[in-house]
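This report examines one protein model for a reader new to structural analysis. Please consult the sequence and the structure shown below while reading.

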Amino acid sequence: MNEPLLIILIIAVVFIFGRLNSKIKRLENEVSQLNKRINSSLDQPKIIQNQNQQPDHTSIAEQNNTLKTIIPKETPVTNDSPVLPQEKDWIAPVMDFLKQNALTVIGIFTLVLGIGYFVKYAIDNNWIGETARAGIGLCTGAGILLTGYFLRKNYSVFSSIITGGGIAVLYFTTTIAFREYHLFTQNTAFAVITFITIVSILLSYYYKSEILIIFSLIGGFSAPLMISTGQSNYHFLFTYLTLLNIGMLVVVFLKHWRSIGWVSFFFTTLYILYWTYNQPQLLSIVFYSINYIIFYVFALQEYLRKKTISASDILMLVLINFSSIIGMVYVFNKLNYEPSAIFPIIFALLNGALLFREHAQKNIGIAYSVFAGITISLVTIATALLFKVHLITSVWAVEATLLLFIWKKTNLKIFKTCFSVLFPLVIIAQIMTWLQYINANQLAIVFNPIFLTSLVTVISMVVNLFLLKKIHETQKQGFFPETIFSMISYAVIYTAMLLEIIYHISGMQGSVIISIGVLFSIYYLFILLLLKEQLSLNSSFQNGLIYLLLLLVAVHVSFSASEVSTSILSHRIPFSFYWIHLLYWLPFLYLYAATPRSADFYTTKTSYWIISFVFVLSVSSTFYHLYMLTMANDIPSSYKASRHFNILFLPILWTVIATVFIYIGLQKKNPEYNKIGFALIGIMAVKLYAYDVWQMDNISRIIAFIILGVILLLSSFMFQRLKNIITNLVDKKEIQDENMQS
């Protein structure tokens with residue numbers, strides 16, 4: 001762009017701005033005159049109706065009825081439903097502010113960039129030196145502050161925004177003068193930035209602008225980064241941050257600006273956690289304690305003044321307690337100090353004192369529930385730390401449960417959202433804890449850090465399930481599906497116990513590990529089904545557990561049994577272990593007899609065939625392996641025993657089972673069992689006549705046919721007998737019905 005065109009553009013902009021400014025002034029004058037007219041009309045005496053005029057009783061009655069319909073009746077508040085503070089919408093005010101002041105924010109940002117580019121252009125052309133550059137920046141910032149001062153009365157929001165822009169210019173100018181031009185020493189630069197922060201806070205208080213003090217605090221917390229030289233002077237840093245937070249607390253008590261407390265908490269937490277991770281020192285415990293007191297008082301200011309506690313206050317209480325515990329315990333563990341559980345105990349005593357205060361005043365409300373939940377959570381963490389659990393996993397698990405508890409008590413969405421965010425992090429942290437089993441050596445049974453951490457998570461999952469069960473259905477709207485949440489919780493509980501078992505039997509034979517692992521899985525599902533009413537498992541979830549249990553039984557009798565038999569015949573494990581392998585029969589028989597009916601498992605015909613198939617497979621596998629283990633001494637001799645059982649005894653066994661199915665079908669009038677029984681007889685007959693008889697010797701063939709013939713005849717006899725009994729019962733009932741009708 002050439003210079004004449006630039007001059008013309010500047011003149012056009014000035015001309016347009018001048019015209020707009022004159023129109024705005026004219027509109028302001030018209031509005032002022034209109035307000036005067038309205039005020040003068042309101043001051044005139046009102047027209048009084050004629051006293052002799054009779055009132056319209058009909059219209060009065062109609063007006064009363066209308067008022068009754070418009071004005072809602074007050075809903076009585078009972079003691080059973082605590083009065084909750086109205087949840088504040090934090091998003092709407094921010095969006096309104098941005099919509100109304102977006103141009104102002106963009107404008108001040110653009111102005112700062114324009115000044116910066118101008119200074120850069122001047123520097124590139126060697127128009128000004130380094131000292132002059134810093135002077136221009138400081139004067140520009142001061143000029144913007146002065147402009148905001150003159151506009152503060154009529155344009156308060158606009159004034160606050162441009163004042164914040166002026167403060168930003170002063171901050172960045174001082175930073176550049178120190179880091180790039182070395183015009184100041186570090187102490188001088190820090191003193192200048194501190195002075196700017198103090199002035200900006202005083203201006204915020206003078207202007208009564210919450211927006212401006214947020215700008216000031218962000219600048220104040222950014223100051224240490226602006227003048228940092230890479231050296232770790234944490235003592236000086238946190239002394240400065242403590243003074244800044246104390247100033248924040250004073251302003252909050254004077255002006256009730258809650259947002260600045262959250263800004264301070266965010267920056268302070270980032271600083272102190274970085275210090276803790278990078279250079280853990282015992283002195284950091286002092287700063288943790290000071291910050292705990294400051295932000296605890298910040299969270300309780302409304303509670304101490306008005307006896308109310310809002311959602312943001314509860315969230316601050318949760319965050320300051322658990323973030324402080326994480327940092328303090330981490331420092332103690334890194335420096336090998338004991339006992340680290342002293343910190344949650346101290347915090348529990350503090351919250352317990354507030355709980356006792358609520359109890360003494362008989363205020364069984366939201367505050368009582370919050371203090372009770374935090375106290376119990378802190379005691380739980382202290383107990384867990386005494387057993388050397390992993391810190392992050394345990395703290396997050398307990399904190400998630402606390403958030404769910406507070407949501408249940410307050411029905412405030414913010415705690416549901418925080419729980420939904422934290423719950424996946426608990427799962428990830430627990431998985432990271434489980435991975436430590438890989439390199440762990442000689443862990444004690446149960447009383448080891450990994451399993452005790454898992455135990456804390458397991459207990460929190462159980463409490464979560466209980467709390468979710470007690471939450472009203474209307475509260476669960478928007479919550480991630482309860483079935484998925486339950487499945488994840490049950491999976492975490494299962495995995496925690498299974499990994500502990502596998503770790504301690506990892507030195508045994510692979511067949512033993514697989515068999516015990518599958519047995520544990522079967523019994524775990526069996527216990528869930530036994531407690532289905534207490535756990536409020538829905539029908540679909542129960543059916544899914546039953547199908548999974550049947551699958552595990554099928555895997556156990558098909559693969560695990562073969563591995564166990566091979567290990568016994570190879571003399572790697574004793575024969576007595578096979579009886580442990582057979583323990584799956586206890587839950588399986590109970591499942592077959594009782595559970596499917598109560599879970600509506602038999603609503604589909606396929607269920608009869610699936611459970612009957614697993615039953616036939618289990619019976620056949622049990623007798624097959626028992627026969628092979630008793631008749632054979634080693635693996636070569638087991639081949640002959642296996643062939644003999646499959647040809648001679650398996651058809652007999654299937655015939656007996658088929659007869660039982662047919663008998664049950666007739667007794668219970670269930671045609672599916674009849675079909676299953678006859679299908680099994682058909683399979684047995686095809687196998688017998690197509691393959692088995694050609695593999696037998698004459699004596700075995702004769703024995704097989706005789707036994708099968710006797711079984712079939714007895715089955716036919718029982719079938720006919722049962723059929724006659726059923727026919728007689730039907731005939732008697734028809735005769736009784738006819739007699740009653742006659």
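How many salt bridges does the structure hold? The structure holds two salt bridges, where a salt bridge is a side-chain nitrogen of Lys or Arg within 4 Å of a carboxyl oxygen of Asp or Glu. The model is predicted, so local features need pLDDT of at least 70, side-chain atom pairs count only at pLDDT 80 or more, and totals for chains, interfaces and linings use all residues. Residues are numbered from 1 along each chain as its sequence is written, and side-chain values use heavy atoms, with hydrogens and water left out.

**Salt bridges**

| Aspartate 313 | Arginine 258 | 2.1 Å |

Helices are DSSP runs (H or I, at least four residues), numbered from the N terminus. Aspartate 313 is buried at 1% relative accessibility, and arginine 258 is buried at 12%; buried means under 20% relative accessible area, exposed over 50%, and partly exposed in between (1.4 Å probe, protein chains only).

Glutamate 672 and lysine 675 are three residues apart in helix H26 (residues 671–690), separated by about one helical turn. Glutamate 672 is buried, with a relative accessible area of 6%, whereas lysine 675 is partly exposed at 43%.

**Nonpolar core**

A nonpolar core is a set of buried Ala, Val, Leu, Ile, Met, Phe, Trp, Tyr and Cys residues joined through side-chain atoms within 4.5 Å. The largest one has 161 residues, of which Phe238, Leu317, Phe371 and Phe415 touch the most other members. Helix H11 (residues 311–334) supplies the largest share of this core, 14 residues. Beyond its neighbours within four places in sequence, phenylalanine 415 has contacts (heavy atoms within 4.5 Å) that include Ala311, Ile314 and Trp407.

**Confidence**

The protein chain averages a pLDDT of 75, and 69% of the residues score at least 70; pLDDT is the predictor's confidence in each residue, from 0 to 100. Confidence is lowest in helix H2 (residues 57–70), at a mean of 45, and highest in helix H18 (residues 510–530), at 91. Over residues 45–88 the pLDDT is below 50. Where pLDDT is low, the predicted coordinates should not be read in detail.

Terms used: Helix = DSSP H or I, 4+ residues; strand = E, 2+ residues; numbered from the N terminus.
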